[in-house]
Amino acid sequence: MHRARTLVRKALPRRLHAPATTLLLRTAAVALRGNRVECACCGGRFRRFLAYPSLFCPRCGSYERHRALCLWLDRNPGFSSPPLRLLHVAPERALEPVLRRSGVDYVSIDIEYALAMHRMDVTKMTFEDGSFDRVVAVHVLQDVPDLEAALREIHRVLRPDGCAILQLPMEFDDGFDETARAAGFLVDRQFVAADAARNGLEPRESFLLARPASDARA
Ligand SMILES: [Zn+2]
């Protein structure tokens, strides 16, 4: 898939890269139809996931981390059951429809991604204190120059009884629990037990369920 995409990028003008990639993925989704693996985000079943570069769903664009989170959301429906206001930081194409499908009041921000609802820096959000019941920030905070400031801001915009899903890539994850605690969160590390081969998961992957500590003390 990587090679095909590289060829497309060399052979076609820039404006055609996105539609050509979409066409490639649709073709791959049809060519790979089967029942050996299953995507927890879109429900697609295939002979295998694409190596793009890790296990990639040709239908919805999910990676291992997205499918693990979708499995967790299925098992913990209270996280995204309305009425709730949910902030998605740096929205991902595979996760957004899953987070929205229950009918929560969904808001997304990104510092540059044009498809986010608001262009906003996670370290300087313009939302009022306690604006959200839920925050989801997956594989984005490692790119923020001031991680502590981002965590303090997420804590600020969360309601006292709210909670956040926070995940860094594994290579950035050392010490993240302590950093989140220092920003005022109680953290509970979540692993998703499932058939890793069938669901296309990275078994060592985990994320933090983070709640404002003041609420937990109450
Ligand atoms: Zn999928």
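The lining of the largest cavity divides into 7 nonpolar, 3 polar and 2 charged residues (Ala, Val, Leu, Ile, Met, Phe, Trp, Tyr, Cys and Pro count as nonpolar, Asp, Glu, Lys and Arg as charged, and the others, Gly among them, as polar). The model is predicted, with local features needing pLDDT of at least 70 and side-chain atom pairs pLDDT 80 or more, while totals for chains, interfaces and linings use all residues. Residues are numbered from 1 along each chain as its sequence is written, and side-chain values use heavy atoms, with hydrogens and water left out.

The structure holds 1 cavity of 30 Å³ or more, a cavity being a set of points on a 1 Å grid over the protein atoms alone where a 1.4 Å probe fits but cannot get out, with lining residues having an atom within 4 Å of a point. About 70 Å³ of space lies in the largest cavity, volume being the space filled by probe spheres set on the points, which are joined across faces, edges and corners. The largest share of its lining, 3 residues, comes from α3; helices (H or I, at least four residues) and strands (E, at least two) are DSSP runs, numbered from the N terminus.

Turning to the metal, the zinc ion has the protein donors C39 (SG), C42 (SG), C57 (SG) and C60 (SG), lying 2.3 Å from it; donors are N, O and S atoms within 2.8 Å of the metal (3.2 Å for Na, K and Ca), and water is not among the atoms, so sites may look incomplete. Along the chain, these donors follow the spacing C-x2-C-x14-C-x2-C.

Technical notes:
On a 1 Å grid over the protein atoms alone, a cavity is a set of points where a 1.4 Å probe fits but cannot get out, and a pocket is an open set with protein on both sides within 12 Å along at least five of seven lines; lining residues have an atom within 4 Å of a point.
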